[in-house]
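This report describes selected packing features of a single model. It covers aromatic pairs, helix contacts and strand order.

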Amino acid sequence: MKIERIAFVGLGALGVLYGGYLTEKLGREAVGFVADEGRRARYASRRITSNGRPLDFRLIPAEEKGEAADLVVFAVKAPALEQAMEDAAGQIDGHTVILSLLNGISSEGLLEARFGAKNVVYSVAQGMDAVMQGDALVYTKAGHICVGAPTAEKLPALDAVCELFERTGMPYRREEDILHRIWGKFMLNVGVNQVVMVYEGGYGTIQVSGEPREKMIAAMREVIALANCEGVRLTEDDLNEYLDLLAPLWPEGMPSMRQDGLAKRKSEVELFAGTVRRMAKKHNLAVPVNDWLYETVKRMEAEY
């Protein structure tokens, strides 16, 4: 199978970053963004740019039930996934490959439950410092997408995604153990996203020695312990790999949780500390740093 028609769901930082890249490589007719009537009206009036370059996106009506896409990429936040699946349903049939760029460790399972497991390729995006400032995407590091197949039935879909990325020059890595990579990125998000929000800074907050960096590392170590309880072997080597990944990011950049805090929006704390706390209870595992982060973020949100 060759991927020719691509539909993205979500025009946030990752959707604009990677959807914009594929649009430039394949053309406007090959790549579109699914949106309901209300979002189409809002998107039509926006002038979205990527590092100053204007981007011209094709919008696909969510109610459209025409020819299905070869690839559907979900690039929304976790609370929006349920509606995103409904909006994208008309673009998906038995041949459509599905890719999730959502944070956390649960989106692939939700997509499999809704659309079937065979064509859901597991993935994680990492290494980018992209920030949406209004309608402007700003970044110094585009990062890369890690993809993999935890079961053999997914290999044809994975091969199709890798062929697309090779053909377009998309920065990517094919992972032998994608579950290990997904848990590693979850560990990173649990530490970085929450700590930067709580301490109200940017990546520079956790790139230097001090209390925020210590909290971040402690929160990440709680995920290492949890992952090991779940049968995923995360280690201090993985933690150090991600600390190295953080080092070159733009210090003024910030993760989406910090952007949520600045905009007085509800954050993904349930996806991060909330998930850690719920899963830790199964194993009688103490997670005091994530308890503190969860309670602190909830208090901040209550004051909006």
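## Aromatic pairs

The model is predicted. Searching the whole structure gives six aromatic pairs. One of them joins Trp-183 and Phe-186: the ring centres lie 5.7 Å apart and the planes stand at 85 degrees, so this pair is edge-to-face. For an edge-to-face assignment the planes must be over 60 degrees apart.

Both residues belong to helix α6 (residues 178–198), where Trp-183 and Phe-186 are three residues apart and therefore separated by about one helical turn.

## Helix α6 with α11

Helix α11 (residues 270–282) approaches α6 with the two axes coming within 9 Å and crossing at roughly 120 degrees. The two helices are therefore oblique to each other. On the α6 side the contact uses Trp-183, Phe-186, Asn-189, Val-190, Asn-193 and Gln-194, and these meet Leu-271, Phe-272, Ala-273, Thr-275, Val-276 and Met-279 of α11. Sorted by class, the residues of this contact are eight nonpolar and four polar, with no charged residues.

Trp-183 and Phe-186, the residues of the edge-to-face pair, are thus among those that α6 brings to α11.

## Helix α6 with α8

α6 also packs against α8, at an angle of about 150 degrees and with the axes 8 Å apart. This angle makes α6 roughly antiparallel to α8, the term being applied to angles over 145 degrees. The crossing of the two helices is right-handed.

From α6, the contact takes in Trp-183, Phe-186, Met-187, Leu-188, Val-190, Gly-191, Val-192 and Val-195. From α8 come Pro-212, Lys-215, Met-216, Ala-219, Met-220, Val-223, Ile-224, Leu-226 and Ala-227. By class there are 15 nonpolar residues, one polar and one charged in the contact of α6 with α8.

## Helix α8 with α9

Helix α8 (residues 211–229) has a further contact with helix α9 (residues 236–246), where the angle is about 140 degrees and the axes are 10 Å apart. With that angle α8 is oblique to α9. α8 passes α9 in a right-handed crossing.

Arg-213, Met-216, Ile-217, Met-220, Arg-221 and Ile-224 of α8 contact Glu-236, Leu-239, Tyr-242, Leu-243 and Leu-246 of α9. The residues in contact comprise eight nonpolar and three charged, and no polar ones. Met-216, Met-220 and Ile-224 of α8 take part here and also in the contact with α6.

## The eight-stranded sheet

Eight strands make up an open sheet of mixed pairing, ordered β5-β2-β1-β6-β7-β8-β11-β12. The edges are taken by β5 (58–61) and β12 (172–174); each has a single partner strand, so one side of each is left without a neighbour in the sheet. From one strand to the next the twist averages 30 degrees.

Within this sheet, strand β7 (residues 97–100) and strand β8 (residues 120–128) run parallel and are joined by two bridges. Ile-98 is placed opposite Val-120 of β8. Helix α4 (residues 107–115) lies across β6 (71–74), β7 and β8, and runs at about 150 degrees to β8.

## The four-stranded sheet

Another open sheet holds four strands in the order β4-β3-β10-β9, again with mixed pairing. Its edge strands are β4 (53–54) and β9 (131–133), each with a single partner strand, so that one side of each has no neighbour in the sheet.

β9 and strand β10 (residues 136–138) run antiparallel and are joined by three bridges. Met-132 has Leu-137 of β10 as its bridge partner. Helix α1 (residues 13–26) lies across β4, β9 and β10, running at about 90 degrees to β10.

Note on methods
Residues are numbered from 1 along each chain as its sequence is written. This is a predicted model: local features need pLDDT of at least 70, side-chain atom pairs count only at pLDDT 80 or more; totals for chains, interfaces and linings use all residues. Side-chain values use heavy atoms; hydrogens and water are left out. Axes are lines fitted to C-alpha atoms, for helices over the stretch in contact, and angles run from 0 to 180 degrees between N-to-C directions. Angles under 35 degrees count as roughly parallel, over 145 as roughly antiparallel, 65 to 115 as roughly perpendicular and the rest as oblique. A crossing is left-handed if the near helix is turned anticlockwise from the far one by less than a right angle, and right-handed if clockwise. Contact means heavy atoms within 4.5 Å. Ala, Val, Leu, Ile, Met, Phe, Trp, Tyr, Cys and Pro count as nonpolar, Asp, Glu, Lys and Arg as charged, and the others, Gly among them, as polar. Two strands pair if DSSP finds at least two bridges between them. Rings of Phe, Tyr and Trp (its six-membered ring) pair if their centres lie within 6.5 Å; planes under 30 degrees apart count as stacked, over 60 as edge-to-face and the rest as tilted.
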